[in-house]
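User: I am new to reading protein models. Could you walk me through the main features, one at a time?
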Amino acid sequence: MSNFETVIDFGSHNLRLGAFNLVSKNIYSSEQKILDNQENSLNILVKEAEKHLSTHIDNVVVLYDSPKFYVLDICVRKVFDHAVPIQKVYSNLIDEAQFFVSQNNFKDQIIHTVINDIIVDKDKKLDKIIEDLKIRSLILEIKFICLSKIIINDVSNKFKTNNLKINNLYCSSYVKTTYFKRKFDKKDHVIFLDIGFERTSGFIFNNNKLDFFKSIP
């Protein structure tokens, strides 16, 4: 088992690599401009990292952006015959929502699951899951950030060409905005624009909840 994790920001103009140890401290970082194609540039980036780290890189976490990312909103509700611990049913309801989306949206894949509202016993909103709380009903308002499986497979194949396995793929602009959002004390509307080489992504957060997300060429 490797004692570090490798993250690659797979852009359309530049590739960036970061290696982090088990306490999430950055131990190495580098950048490679895409020269002729992404596969060859990725090979250069990884080989330089392997030389510096003196080890072989097999698995990576990928940050990726595309104008094809989109948000799917869903609200799920569950009523129980008797009071049950919220911790027991919360994750199950999220799993049910994810299964429903995957069964009815089979061409696309869920990349991020964002829980915007947790409502218990008809009208009580929770900011977080409370231990030992028992409830009679549960409503979750969820935003799923999705991407076409065709695009995901295309990205995955470019990494397979370099003998790399993608452990997880995330929306780069969403990851960045959730990080920077923590630095704002402002609690109402916060707007982020991530202007990339081939696409621009816009986010609006309201009281720390994802209100809007759109990515365009």
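Analyst: We will go through strands, salt bridges and aromatic rings in turn. Keep in mind that this is a predicted model.

User: Let's start with strands. In which sense do S10 and S11 pair, and over how many bridges?

Analyst: To read a strand pair, look for the bridges and the direction. Here, S10 covers residues 189-195 and S11 covers residues 200-206. They pair in the antiparallel sense over seven bridges. To place the two strands against each other, take His189, which stands opposite Asn206 in S11.

User: How many residues lie between S10 and S11 in their hairpin?

Analyst: Four residues lie between them.

User: Now salt bridges. How many does the structure hold?

Analyst: Ten. For each one, read the partners, the distance and the location. Start with Arg199 and Asp65, whose closest N and O atoms are 3.0 Å apart. Arg199 sits in the loop between S10 and S11, and Asp65 in the loop between S4 (59-64) and S5 (70-85), so this pair ties together parts that are 134 residues apart in sequence.

User: Are Arg199 and Asp65 buried or exposed?

Analyst: Both are buried.

User: What does the salt bridge of Lys143 and Asp73 tie together?

Analyst: Their side chains meet at 2.5 Å, N to O. Lys143 is in strand S8 (residues 134-148) and Asp73 is in S5, so the pair ties together parts that are 70 residues apart in sequence. Lys143 counts as buried because its relative accessibility is 11%, under the 20% cut-off.

User: Which residue forms a salt bridge with Lys78?

Analyst: Glu96 does, with the closest N and O atoms 3.2 Å apart. Lys78 lies in S5 and Glu96 in helix H2 (residues 86-104), so parts 18 residues apart in sequence are tied together. Lys78 is partly exposed, with a relative accessible area of 32%. Glu96 is partly exposed as well, at 41%. Salt bridges can also share partners: Asp65, Asp194 and Arg199 are joined into one network that way.

User: Next, rings. How many aromatic pairs does a search of the whole structure find?

Analyst: Seven. Phe10 counts as buried at 3% relative accessibility. Phe159 counts as buried at 0%.

User: What kind of aromatic pair do Tyr179 and Phe180 form?

Analyst: An edge-to-face pair, 5.3 Å centre to centre, with 70 degrees between the planes. Tyr179 counts as partly exposed at 43% relative accessibility. Phe180 counts as partly exposed at 40%.

User: Which residues do ring pairs link into a cluster?

Analyst: The cluster holds Tyr174, Phe192, Phe203, Phe205 and Phe213.

Definitions and conventions
Residues are numbered from 1 along each chain as its sequence is written. This is a predicted model: local features need pLDDT of at least 70, side-chain atom pairs count only at pLDDT 80 or more; totals for chains, interfaces and linings use all residues. Side-chain values use heavy atoms; hydrogens and water are left out. Two strands pair if DSSP finds at least two bridges between them. A salt bridge is a side-chain nitrogen of Lys or Arg within 4 Å of a carboxyl oxygen of Asp or Glu. Buried means under 20% relative accessible area, exposed over 50%, partly exposed in between (1.4 Å probe, protein chains only). Rings of Phe, Tyr and Trp (its six-membered ring) pair if their centres lie within 6.5 Å; planes under 30 degrees apart count as stacked, over 60 as edge-to-face and the rest as tilted.
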